[in-house]
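Visitor: I have a model open and some questions about it. Can you walk me through it?

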Amino acid sequence: ANPEERMNSFLEAHISVGNMQEELRDPQNHFFLLMVDKSWAGYAKIREARVPDCVVDKNALEIERFYIHQDFHAKGLGSTLMAHCIDWSIKKVIQLYG
């Protein structure tokens with residue numbers, strides 16, 4: 001839904017190979033990949049700590065990225081991935097804080 005120029009600018013600034021390698025090494029980042037028949041359909045990134053200033057609870061988890069490839073829109077996959085993120089987050093909070 002984003003104009004191509006805007007998306008390319010964002011990708012160059014934030015989703016470079018170097019940035020992704022750094023994010024993958026950070027133990028406070030958690031990535032969930034969605035595949036359909038051996039094709040990448042989407043992914044989500046949940047981040048611990050470093051929550052935005054507007055969030056009162058500084059122990060909160062944040063779904064920082066959430067993407068479903070356009071070839072897989074309107075198939076219910078976004079709901080499936082979001083449910084997984086929520087379930088994982090609940091388990092993580094229980095693990096951390098009882």
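Visitor: Where does I90 lie?
Guide: I90 lies in helix α3. Helices (H or I, at least four residues) and strands (E, at least two) are DSSP runs, numbered from the N terminus. This is a predicted model: local features need pLDDT of at least 70, side-chain atom pairs count only at pLDDT 80 or more, and totals for chains, interfaces and linings use all residues. Residues are numbered from 1 along each chain as its sequence is written, and side-chain values use heavy atoms, leaving out hydrogens and water.

Visitor: Why does I90 count as partly exposed?
Guide: Because its relative accessibility is 46%. Buried means under 20% relative accessible area, exposed over 50%, partly exposed in between (1.4 Å probe, protein chains only).

Visitor: Which element gives the largest share of the nonpolar patch?
Guide: Helix α3 (residues 77-97), with 4 residues. The patch is made by I63, M82, I86, I90 and I94 and has about 420 Å².

Visitor: In which sense do β1 and β2 pair?
Guide: Antiparallel, over 8 bridges. Strands pair if DSSP finds at least two bridges between them. β1 is residues 29-36. V36 has S39 in β2 as its bridge partner.

Visitor: What about the hairpin there, which residue takes a positive phi?
Guide: D37, near 50°. The hairpin has 2 residues between the strands.

Visitor: And how many bridges join β2 to β3?
Guide: 7, and the two run antiparallel. Strand β3 is residues 61-68. R47 stands opposite E62 in β3.

Notes
Patches are made of residues with over 30% relative accessible area and no salt bridge: like charges are joined within 9 Å, nonpolar side chains (Val, Leu, Ile, Met, Phe, Trp, Tyr) within 5 Å. Accessible areas come from the Shrake-Rupley method with a 1.4 Å probe; for residues, only the protein chains shown count as cover. A salt bridge is a side-chain nitrogen of Lys or Arg within 4 Å of a carboxyl oxygen of Asp or Glu.
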